[in-house]
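The following exercises are to be worked through with the sequence and the model at hand. Each task is followed by a solution in steps.

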Amino acid sequence: MERVERVDRTGWRRWARRVLVGACGAVLTGTAGLVAVRLGGWDDGTPLALVVVGLPYAALAGLLALGVLLALRSWWPAALAGVLVAVQLVWLVPRLVPDGGTPAADAPRLRVATSNAYLGQADAAALVRLVREQRVDVLAVEEFGPGAVDRLDRAGIAEVLPYRELRPGRDTAIYSRLPLTPLDGSASEAAREQIAAEVTVGGRVVRLTAVHTYYPMGDAGRWAEDFDELRAAVAGATRNAVLLGDFNATLDHAPMRALLGTGLTDTHAELGRGVAPTWPESNAYFPGLWPVIQIDHVLHGEALRAVSVAEHAVRGAEHRAVVAELAVTG
């Protein structure tokens, strides 16, 4: 009887081991596919853009698989898992470590915010309250929606941000505490929904672009074209630039990485918060949601440096607003 029981236990362990190794194999297969897409840039203008958003979670799953395989002494699969995890950590760790350095205390500060208003459904009073409480100097709004201008005016936006840049037919807008100079013929004209303007901060000019690219689930080709146009618009003019808004892209997407390659820095990554999710946010239409991916960004050129960044829920919006303080250092 004892011998039969021992055999049964051994058989169960072998079965459990096969199941665990198989599950880890499935995880590693998916992770390897994502790593290949990321390395090859195959998401640029293709439906593969949809799966690239899962890379940070794939890294976590791969790390768990590595631990299980090591515990099972399954050495070859563990070696593969180790390689995949190492590659992903090379991409992810720099986003989680602050760049270091503190801007001079007397460097002028610019507080900017971006909020996707969810086709104008975001609560205008809540957005104005956020501007007041966070002492925002410049606000970029995306998915402006019909009637949004009037609702923001009734909520008192002009009292805190009296200057604005709007364009008929565009779904982005810029509101500012500082006087705005429109930038015709630049990023404001180059990409479909972007609005651009200049402000002067402490005697230094800062070029602002409110960004809203098309979403890859709707048309990946159009999404990639928007990034192509953005890159063309800012090429050679990124030093004093700030691009903020709903990019519909994470830091793993090839078009976003190419945009950053023009001389721009992501504020979240600079401050070690490069995986702070901003979408989707719970709202009246889709209750119970919580953010899982980071697609709202504040990018800046070398003449600015990040001081702080945070995400804020705005009632009725499906994105978290991002508020960043930038020091104008050059």
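**Exercise 1. Locate His312 and decide whether it is buried or exposed.**

Solution. The model is a predicted one.
Step 1. His312 belongs to strand E11.
Step 2. The relative accessibility of His312 is 19%. Buried means under 20% relative accessible area, so His312 counts as buried.
Step 3. Beyond its neighbours within four places in sequence, His312 makes contact with Leu130, Gln134, Arg320, Ala321 and Val323.
Step 4. Leu130 is 182 residues away from His312 along the chain, yet their C-alpha atoms are separated by 8.2 Å.

**Exercise 2. Give the strand order of the open sheet that contains E11, and state which strands stand at its edges.**

Solution. 
Step 1. The open sheet has six strands with mixed pairing, in the order E3-E4-E2-E1-E12-E11.
Step 2. The edges are strand E3 (163-165) and strand E11 (304-312). Each has a single partner strand, so one side of each lacks a neighbour in the sheet.
Step 3. On average, neighbouring strands of this sheet are turned by 20° against each other, direction ignored.
Step 4. Within the sheet, strand E1 (residues 109-116) pairs with strand E12 (residues 321-328) in the antiparallel sense, over six bridges. Val112 has Ala324 in E12 opposite to it.
Step 5. Helix H5 (residues 124-133) lies across E1, strand E2 (138-142), E11 and E12. The helix runs at about 155° to E2.

**Exercise 3. Identify the residues of the nonpolar surface patch and classify Val51 by its accessibility.**

Solution. 
Step 1. The patch is formed by Trp42, Leu48, Leu50, Val51, Tyr215 and Met217. Together these residues have about 600 Å² of accessible area.
Step 2. Val51 is located in helix H2 (residues 49-52).
Step 3. The relative accessibility of Val51 is 41%.

How values were computed:
Residues numbered from 1 in each chain as written. Predicted model: local features only at pLDDT ≥ 70, side-chain atom pairs only at ≥ 80, totals over all residues. Heavy atoms only, no water. Patch = residues over 30% accessible without salt bridge, like charges linked within 9 Å, V, L, I, M, F, W, Y side chains within 5 Å. Areas by Shrake-Rupley, 256 points an atom, 1.4 Å probe, with all protein chains shown as cover. Salt bridge = Lys/Arg side-chain N within 4 Å of Asp/Glu carboxyl O. Helix = DSSP H or I, 4+ residues; strand = E, 2+ residues; numbered from the N terminus. Buried < 20%, exposed > 50% of the residue type's maximum accessible area, 1.4 Å probe, protein only. Pairing = 2+ DSSP bridges. Axes fitted to C-alpha atoms, helices over the stretch in contact; angles between N-to-C directions. Contact = heavy atoms within 4.5 Å.
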